[in-house]
Amino acid sequence: MTVLVTGGAGYIGTHTLVELIAAKKSVLVLDNYCNSSVKSLLKVTEITGVKIPVIEGDINDKECLNNIFTQHDIESVIHFAGLKAVGESCEQPLKYYQNNVAGTLTLCEVMGKYNCKKIVFSSSATVYGDPTTVPITESFPLSTTNPYGASKLMVENILRDLYQSDNSWNIAILRYFNPVGAHQSGLIGEDPNDIPNNLMPFITQVAVGKREFLSVFGDDYDTKDGSGVRDYIHVVDLAKGHLKALGKLEKNIGCVEYNLGTGSGVSVLEMVSAFESVNGQKVPYKITDRRPGDIACCFAQTDFAENELNWKAEKSLSDMMADAWNWQKNNPNGYE
Ligand code: NAD
Ligand code: UD1
């Protein structure tokens, strides 16, 4: 029995493969490498000693999916495949809806046809929009501000409807807060194309000398020091959450949403000073205007995942900083 990992060559996928293999799971990756390369999977092999079976293909390609389900005994799917750049989603919304929404429809249709009805889906805290209070529980109202976020919320709604129509599905919707860091081997990590949009890879690229300074997007928010506050979670903790969710699907849970975060809010300026003190590297920064669409503060209430999945983020902010830097300094140009 095999776990199909769509988008397995990407940032969170590779870290999850390491954990799946440690748990002796048989895996099959489906990835079209639109935001990754086979090199990341070779690094997973280096870490685990296991060759990763991979099919180069697209979740939108029904024939490819049919072949996978006829040729392999797929018992469940962890569905990472998706596009994730917020700015790009505003410029090319149809591309995002086609890939993230239509692709997931095709995947679920083929899964149903082969009676494979267990799926773990990568959602995001972005589905909470601009929350009125923190910490955020799973029952907070949902809204979005950009096509990327809308595509995640649409897929969530589709999965909830799918379960309503057929209770034999088991679906874990994982709402990630802000994944950062890297495997402690330094062999796999986040490899953004172009200029990073997210804070952590920007900090490490400044530290390694690829960028001159960090722009801190606003210091006039109603937060502890005026800069934006987020719930940063180590990608290895996040990966472990997927194994717990997969195990939970065996217990006929239906369709359930889980926040995966640490429950702690950390500001941009705290991130910079934590990076500097853990790694002894300066991160020059300038305060600039707020980034349009940004919210002041976002962090998770984590009790539900802790109680239901028996999972808790264990790694510290220092671990996140040390591992992110270890990956960046050993691989200044990512997997290239
Ligand atoms: P990533 O871009 O590193 O990985 C996604 C992988 O999916 C890539 O390897 C890409 O080539 C593949 N892919 C994309 N579209 C595909 C398609 N149509 N068919 C086959 N493969 C396809 O991203 P990630 O950071 O690992 O994120 C994984 C998932 O988690 C995504 O769905 C993302 O939206 C979601 N997510 C990520 C974050 C984050 O901050 N990284 C936060 C919340 C949610
Ligand atoms: C962003 C996305 C969100 C997505 C998440 C994870 C936007 C508006 N939101 O969220 O949809 O789910 O990434 O991929 O893009 N910051 C700086 N300077 C930088 C970069 C970021 O000050 O160069 C600040 C931001 O203002 C924010 C914090 O750092 O306060 C974190 O930013 P980021 O890593 O982009 O994550 P989110 O904004 O939470």
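Modeller: A salt bridge is a side-chain nitrogen of Lys or Arg within 4 Å of a carboxyl oxygen of Asp or Glu. This is a predicted model, in which local features need pLDDT of at least 70 and side-chain atom pairs count only at pLDDT 80 or more, while totals for chains, interfaces and linings use all residues. Residues are numbered from 1 along each chain as its sequence is written, chains are lettered from A and ligands numbered from 1 in the order in which they are written, and side-chain values use heavy atoms, with hydrogens and water left out.

One such bridge joins the side chains of Lys 43 and Glu 46, with N to O at 3.7 Å. Both residues belong to helix α2 (residues 38–48), where they are three residues apart, about one turn of the helix. Helices here are DSSP runs of H or I with at least four residues, and strands are runs of E with at least two, numbered from the N terminus. Lys 43 has a relative accessible area of 25% and is partly exposed; that term covers values between buried, under 20%, and exposed, over 50%, with a 1.4 Å probe and protein chains only.

A search of the whole structure finds 15 salt bridges. Among them, Glu 88 and Lys 95 meet at 3.3 Å, N to O. Glu 88 is partly exposed at 27% relative accessibility, and Lys 95 is partly exposed at 36%. Arg 291 pairs with Asp 294, their closest N and O atoms being 3.1 Å apart. Arg 291 has a relative accessible area of 32%, and Asp 294 one of 23%. Elsewhere, salt bridges link Glu 156, Arg 160, Arg 175 and Glu 257 in a network.

The ligand site may be described in turn. There are 26 residues around ligand 1, of which Asp 31, Asn 35, Ser 36, Lys 84 and Asn 99 come nearest; a residue is counted if one of its heavy atoms lies within 4 Å of the molecule. A nitrogen atom of ligand 1 is 3.0 Å from an N or O atom in the Asp 58 side chain. An oxygen atom of ligand 1 is 2.8 Å from a polar backbone atom of Phe 80, and a polar side-chain atom of Tyr 148 lies 2.9 Å from an oxygen atom of the ligand. The elements giving two or more residues to this shell are α1 (11–22), β5 (118–124) and α6 (147–165). Strand β5 gives the most, with three residues.

Conventions: Polar contact = N/O pair within 3.5 Å; in protein donor to acceptor, adjacent residues only side chain to side chain.
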